[in-house]
Amino acid sequence: MTGLLHALLGRLPIGWLQLTHSRARFAAALAGVAFANVLVFVQLGIMNSMATATLKPYEFFSADIMISASDANSMTDGGNVARQWMLQALADPDVEAGTGLFVGNVSWQRGAQSLGLTTYGIDPTESRFLSPDIAAKSSILQLQGAGLLDRFSRGLPRDEAASIRPQTPLSFEVSGKTLTLYDTFAGGGGFGGDGYMILSDQTYLTMFPKRSSSAPDHVLLQTRPHVDAAKVAERLRELVSDKTLRIRSYADAAQEDLSYQQTKRPTGIIFGFGVIIGILVGIVIVYQVLSTDVSDHMREYATFKAMGYGHSFFLGIVLEEALILGILGFIPGLAVGTGILTGMAAATTLPLEMTVGMAIAVFVGTVVACALSGAIATRRLAAADPADLF
Amino acid sequence: MDSKHPIAARNLNHWFGTGEARKQALFDINLEVELGSLTVLVGPSGSGKTTLLTLLGCLREVQDGSVDLLGHELHGASGALLTALRRRLGFVFQAHNLHNSLTARQNVVMGLQVHGNLPAEQADAAASHLLGLVGLGDRLDYLPANLSGGQKQRVAVARALVGNPDIIFADEPTAALDRVTSANVVALIKRLGRERGTTTVMVTHDNRILDQADRIVTLEEGRIVKSIDANA
């Protein structure tokens with residue numbers, strides 16, 4: 001290893017030799033870096049999972065523009081939208097189709113356990129508004145009382161979810177009415193409920209008798225191909241100009257929901273703080289490791305300085321150490337971080353996962369933090385006379 | 001510098017500390033060191049020998065007066081100039097100051113590498129040769145922790161000499177050495193002076209070295225009180 005680094009650096013790999021001189025200290029330094037990595041991975045994982053979970057229901061449907069009530073910050077809150085607005089929007093030459101989307105909560109009593117299902121009601125014959133996965137199974141929804149269940153619902157055993165097939169449906173009762181689950185789709189519990197369920201609009205209306213078919217929660221519109229949905233939404237806003245409505249492109253609606261969750265809801269703010277605290281603590285740990293190493297070798301560096309080595313040489317050593325610690329600490333950090341996220345995902349059914357983007361960001365961040373810490377720690381060396389450091 | 005005097009100090013004063021605690025360590029030092037000579041600084045402890053040595057050797061900032069080293073004024077010199085000058089010097093410190101994570105040979109290679117990156121084999125060969133000269137040919141790959149005090153000091157001497165310095169500064173270099181090694185080290189330094197014109201300034205109490213000195217400068221309480229030219 002020393003020989004390889006020597007060839008690579010074109011000089012003695014002082015950083016490597018220094019770090020590996022004391023194995024116990026090296027192990028402690030690596031553990032520190034790995035711990036900092038794990039900390040940031042877990043916090044990032046939690047924050048990302050909220051983004052994934054928030055955007056998840058938008059994936060069930062296929063639309064270009066969404067009309068919601070002005071107080072609807074997400075799919076599940078806010079008032080209704082009168083169906084007449086859909087008809088008015090359909091008058092626009094660029095709008096091809098529209099449908100109503102109903103949202104509600106259904107509580108599935110499973111013995112002592114209760115599953116809160118975020119439930120959508122939509123016209124199953126308009127399968128163009130459904131994601132391909134769900135559209136393929138939507139025809140069965142035309143049966144009265146039929147439903148599709150999120151197979152990743154929290155508290156639902158995997159084998160039980162797998163047994164729900166059209167040949168072997170599963171029925172349960174909710175407030176005296178029977179729902180029959182014929183198939184499943186891939187959802188995944190979010191922060192709002194335990195899982196998702198999709199019904200036809202007719203079944204939905206029998207489940208929620210107080211709701212009216214003329215006032216869905218949202219209206220989904222599809223534009224003609226190759227039309228800018230944002231521009232059409234803009235035009236519809238002007239046309240309708242009703243303050244009780246929010247007319248946005250579907251993509252904007254999803255993004256605004258996400259930023260609402262992240263910046264206005266306590267959970268999102270807490271997760272954001274978690275990431276900031278995680279990064280700060282990680283930086284402090286890494287700074288401790290590097291600055292301790294530099295001060296431990298101050299006498300030796302002073303000797304090198306007296307021999308005529310310039311500051312760039314010391315920065316080189318520090319950078320070498322930063323890379324070594326960054327790489328060797330990252331490997332266990334990534335392994336443990338992935339393990340913790342996987343474990344937490346299994347326990348909560350939240351979409352907690354290690355992503356390539358997170359891994360790259362944490363690795364680069366670690367090396368940069370290591371290098372900066374070391375560079376800051378060598379400033380004393382740059383300022384002092386060598387004779388004062390012996 | 002005139003070509004005969006690689007080191008010339010004029011009206012050199014130096015203080016330590018600030019404010020009330022400020023204390024003058026050197027008073028009006030004037031000293032010229034001849035090319036290729038061995039100059040020895042002697043005096044009781046606290047007389048300013050080491051301070052003077054570090055001022056002449058670019059290890060301390062010159063506060064007042066002038067030091068001309070190898071043709072460059074050190075008073076107010078830039079960091080880049082100091083770094084460049086240090087590369088032309090060899091320093092043997094009172095404490096050996098070896099890098100604990102590097103072997104004897106790697107420590108010596110550091111003295112060579114400062115001049116640019118040589119191929120590893122070439123640098124190793126030069127370092128091995130110098131370690132052989134100081135009697136450590138069989139300790140090349142030992143870490144400092146596994147060497148005796150005298151052996152460490154000899155590694156430090158080899159490190160100072162390997163880069164063919166113009167001037168060697170040495171602070172009690174033979175304090176930890178036995179009689180034979182001490183004589184070897186001094187003989188080696190003398191020989192370099194003769195063959196390559198290397199100038200040496202050394203702080204020492206060692207009488208065996210005083211006999212070989214070209215000049216003996218005595219300091220007391222920060223002043224040069226006596227300067228004897230042995231060759232005169």
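Across the interface of chain A and chain B of this predicted model, the rule (a side-chain nitrogen of Lys or Arg within 4 Å of a carboxyl oxygen of Asp or Glu) turns up one salt bridge. Arg60(B) makes a salt bridge with Asp388(A), with 2.7 Å between the closest N and O atoms.

On the side of chain A that touches chain B, α11(A) gives the largest share, seven residues (helices are DSSP runs, H or I, of at least four residues, numbered from the N terminus). By class, that side has 11 nonpolar, nine polar and six charged residues, with Ala, Val, Leu, Ile, Met, Phe, Trp, Tyr, Cys and Pro taken as nonpolar, Asp, Glu, Lys and Arg as charged, and the others, Gly among them, as polar.

As for contacts (heavy atoms within 4.5 Å), 26 residues of chain A meet 25 of chain B. The two chains bury about 2,400 Å² between them, 58% of it on carbon and sulfur atoms; this is the accessible area (1.4 Å probe) lost on being put together, summed over both parts. Leu12(A), Met307(A) and Tyr309(A) supply 22% of what chain A buries against chain B, more than any other three residues.

Residues are numbered from 1 along each chain as its sequence is written, and chains are lettered from A and ligands numbered from 1 in the order written. Local features need pLDDT of at least 70 and side-chain atom pairs 80 or more, while totals for chains, interfaces and linings use all residues, and side-chain values use heavy atoms, leaving out hydrogens and water.

Methods. Helices (H or I, at least four residues) and strands (E, at least two) are DSSP runs, numbered from the N terminus.
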